[in-house]
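Hello,

Here is the structure I promised to pass on. My notes on its salt bridges follow below.

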Amino acid sequence: MKYIEVENYAEMSKKGAALIAAEVVSKPNAVLGLATGSTPVGIYKQLIEWFRNGDLDFSGVTSVNLDEYLGLDGTNPQSYRYFMNDNLFNHVNIDKSRTFVPSGTADDLASEGEAYDKLIKSLGGIDIQLLGIGEDGHIGFNEPDDCFTGPTHVVDLDESTVVANARFFDSIDDVPRKAITMGMASIMQAKKVLLVANGPKKYDIIQKAFFGPITPKVPASILQLHGDLTVIYSKI
Ligand code: PGA
């Protein structure tokens with residue numbers, strides 16, 4: 001594991017963006033695994049800036065996102081599809097038909113999960129997977145549990161996740177209680193994993209996840225077994 005502590009959010013974002021940009025430069029048809037949440041927003045802003053300057057070309061890139069709330073379709077501003085369009089895809093030259101987010105409105109969610117894993121396999125797997133981390137140690141929406149779950153699957157969100165994400169909604173009652181998330185198999189099979197986190201609220205979970213025992217009670221701890229993991233953490 002490469003563990004990098006940086007001074008601030010801007011530095012975390014720049015370094016994180018540089019690792020993703022390096023992937024796109026060295027492999028123009030890269031498959032990027034992307035994440036939502038507050039933490040990656042600075043990375044996306046930096047990638048957009050490099051695109052606008054003519055330094056990055058997303059025309060050959062494919063993306064697969066980690067997760068989506070159940071019941072929200074892509075036109076809902078709280079959906080993760082909408083977030084990705086708004087924070088990245090609408091601002092770079094990626095082909096939208098090559099951006100994938102699991103569907104939270106599929107009639108048959110088990111089939112949707114299977115199809116999503118098949119899709120990732122058919123793309124040749126993920127070249128670099130970007131991850132945030134929840135205060136409870138979740139990655140994607142893989143919440144603390146008695147076991148690690150491999151396939152893309154439906155989860156009940158932890159109360160702490162619902163509370164943490166309520167800031168994006170008008171009221172906590174509007175936060176969906178369920179989501180569909182990429183499981184540990186596709187995440188662990190990504191060729192590279194980049195996890196970013198910032199702020200004092202994430203300090204304890206970073207210590208537990210990367211310097212403590214590997215346990216499904218701290219889902220991100222499984223990443224200690226990944227062969228090419230970079231963690232970038234900023235205290236502020
Ligand atoms: P955040 O979420 O970036 O909004 O803190 C991270 C996560 O829950 O994975």
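Lys178 is partly exposed, with 39% relative accessibility, while Asp156 counts as exposed at 52% (buried is under 20% relative accessible area, exposed over 50%, partly exposed in between, using a 1.4 Å probe and protein chains only). The two form a salt bridge whose closest N and O atoms are 2.7 Å apart (a side-chain nitrogen of Lys or Arg within 4 Å of a carboxyl oxygen of Asp or Glu). Lys178 is in strand S8 (residues 178-181) and Asp156 in strand S7, so the bridge ties together parts 22 residues apart in sequence; helices (H or I, at least four residues) and strands (E, at least two) are DSSP runs, numbered from the N terminus.

Please bear in mind that this is a predicted model: local features need pLDDT of at least 70 and side-chain atom pairs count only at pLDDT 80 or more, while totals for chains, interfaces and linings use all residues. Residues are numbered from 1 along each chain as its sequence is written, and side-chain values use heavy atoms, leaving out hydrogens and water.

Searching the whole structure gives eight salt bridges. Among them, Glu5 and Lys235 meet at 3.4 Å, N to O. This pair links distant parts of the chain, 230 residues apart: Glu5 sits in strand S1 (residues 2-6) and Lys235 in the segment after strand S10 (229-234).

Asp146 pairs with Lys217 in a salt bridge at 2.6 Å between the closest N and O atoms. Asp146 is exposed at 63%, whereas Lys217 is partly exposed at 48%.

Best wishes
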